[in-house]
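Please look at the sequence and the structure first.

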Amino acid sequence: MPSWCPLPCRLAMLLCVWALCQAQSDTELPPGTPIIQLRLAGDKRKHYEGRVEVYYNGEWGTVCDDDFSIHAANILCRELGYVEAVSWSPSSKYGKGEGRIWLDNVQCSGRERTLAQCKSNGFGVSDCKHSEDVGVVCNERRIPGFNKKNIIELSHSRVEEVRIRAISSQRKRVPITEGYLEVKDGGKWRQICDEEWTEMNNRVICGMYGFPGEKGYNTKVYKLLAKRRKKNYWEFGVNCTGNEASLHGCKLGRKVELKGNATCEKGMPVVVSCVPGRAFAPSHAQGFSKQPLVRLRGGANIGDGRVEVLKNGKWGTVCDDSWNLKAASVVCRELGFGSAKEALAGGRLGQGMGPVHMNEVECSGFEKSLTECYFNRDALGCSHEEDAAVRCNVPAMGFQNKLRLSGGRNPFEGRVEVLAEKNGSLVWGTVCSDSWGTMEATVVCRQLGLGFASNAFQETWYWPGDVRADDVVMSGVRCSGTEMTLAQCLHHGKHLHCPQGGGRFAAGVSCSESAPDLVLNAQVVEHTTYLEDRPMYILQCANEEHCLSSSAATATPSSSRRLMRFSSQIHNNGQSDFRPRAAHNSWVWHDCHRHYHSMEVFTHYDLLSLNGTKVAEGHKASFCLEDTQCEEGIEKRYECANFGQQGITVGCWDTYRHDIDCQWIDVTDIVPGDYIFQVVINPNYEVAESDYTNNIMKCRCRYDGHRLWTYNCHIGERLDDNSGDYWLQQY
């Protein structure tokens, strides 16, 4: 080093030498070091800051903020070509990411060349949510001579946004399925030249916008418009394989020579035209339509859920071994959504019941159905803790703009206010709370993207909303719980009827990111059913609680009742504990049995004729809702002893034995024959759950006057018999 160079100069030269060493190629990394790529993404940011995203094993994912430090931030910034990190931010400051959370508990010493060399739980091993995505701010000074090969330019800072810009005659259509493709670069919207544009590019664009397929369009219209419009082309082409979840995953194509109006002389701006799924099409006669062999269960939002497959008449789950975005995208497109945003593993959206039908699924990404993919039929070793799930891209329908929660303490609760037409103009107003319940609240939370319903409120005086929105604009609302918007539920038309009015009696909700999911073990019921004749004089308490048929009211103490008895084992397979809605101080005391009822009706037991007519019934109150047993490693939280708290912990189950009162159906008055035995848990939807379709169990039942058999018990599914198929109608 020259002797004339002062100390600051020498430090600067040393820094440059050090930085160049740090920017050496991956071929000089220790053998076995995972090869990753990095980018900074997120909301309202400059090019040198953002949410940390890692490209590994063909998928983009995020990094959890647990154990992250300035040392890790320095490694990351240098890997992106910046001289150092300025700071790092926890708790998704730059917005929540999508896809996998690749790294958790990252611990760097500061001497590593790549983030992949830092200690962590391992790629894909994380218990974090995207609300914990880490972000960094780098010093905007670049390392001299830095090799940019580690940065995906399209994903990094070249493209800020992508949009489909509809022509003027189609801009009011919802969803927008066709128009010019434009990218935002340097704050300006630019078109892409279609000279090297491919069908695979169209497929990716349609998928990222929530559409399962692409189609042709009227080229004459767009060519005519292109001649009249001023063009502002982007300087790059795009090269997609067709499997990318979004345009950001594609590679840059050939650089386009910008020559003003002479740019793209042999082509025109790219136009994309997509086919919507039937649920999002303007009419059910249009759109992508097929009868899928897969379904989603347990998801809070549209397009989210645990993957279940129909095989031999039985629904079963998919094991998460080898589960990835390609397989997840096949599922999403099969169901009429776009490509997959996330391929979730480890039972993240709840655990299923029944068989595990598929394991080690491998898809090319272009299959029409998940069943066309290669998979291992032997699911030996897979449990429902490994159930695979997906989050799909769905079209922008503007649902969230027509509904809001007002007055709550946080964004997840408040009075429900609807945007409705009144006297020729759009105004905000309230919803009548008459008959307002959990199903209606479920639809509100889904429409707003706030997860599951936690509670439905019929009084909201404690949530002072906008006084200008006090008037009722919607009444008579009845939802099945499967609707995408409150407007799709049954409700009164122009002639509203709400005797209590709005204001303090307006409908309200609270939402939650997680919910319980109760499932009855059908095999336990099937294996424990039997008949017992019990004298009336020892059934007085049961009679007081209406656990016997109506004829018992006139029965003499010396007579007997014939009872169909059975045990029930109720599992909580959801993501939060099942708790009674009523507070402990409002539980009902039953003096005869000397216990409290935390839920007055917890289960319905019915015996139906083959045509569905009810011939006998029973019900069970939750006098003791507790953790009888739990899966290994899970501690019991709820115990009824000494009037303790009641509930069922996630991963635990509550068993009602066959020999306790009211655990029966009074069949004294039925005649011999074939019947359907039905059990429904939480029948009044008193407590919100993530999935109600698995709350019902049906069995075939035969009674010969002396003995009774139950067989072919199923949860929320088909009942096979010699005369045909009995189906529980499901969404």
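A strand here is a DSSP run of E with at least two residues, and strands are numbered from the N terminus. In this predicted model, Gln678 is found in strand β38. Gln678 is buried, because its relative accessible area of 11% falls under the 20% cut-off. The side chains of Gln678 and Lys698 are joined by a polar contact of 2.5 Å. Not counting residues up to four places away in sequence, Gln678 touches His604, Tyr605, Asp606, Leu608, Ile696, Met697 and Lys698.

In soluble globular proteins, nonpolar side chains tend to be buried together.

Leaving aside neighbours within four places in sequence, its contacts include Pro516, Leu518, Met599, Phe602, Leu625, Ile648 and Val687. Asn572, Asn682 and Glu689 are also among them.

Next comes a sheet. Three strands form an open sheet in the order β28-β29-β37, with antiparallel pairing. β28 (530-535) and β37 (664-666) stand at the edges with a single partner strand each, so one side of each has no neighbour in the sheet. On average, neighbouring strands of this sheet are turned by 35 degrees against each other, direction ignored. β29 (residues 560-565) pairs with β37 over 3 bridges, and Leu563 stands opposite Asp666 in β37.

Terms used: Residues numbered from 1 in each chain as written. Predicted model: local features only at pLDDT ≥ 70, side-chain atom pairs only at ≥ 80, totals over all residues. Heavy atoms only, no water. Pairing = 2+ DSSP bridges. Helix = DSSP H or I, 4+ residues; strand = E, 2+ residues; numbered from the N terminus. Axes fitted to C-alpha atoms, helices over the stretch in contact; angles between N-to-C directions. Contact = heavy atoms within 4.5 Å. Buried < 20%, exposed > 50% of the residue type's maximum accessible area, 1.4 Å probe, protein only. Polar contact = N/O pair within 3.5 Å; in protein donor to acceptor, adjacent residues only side chain to side chain.
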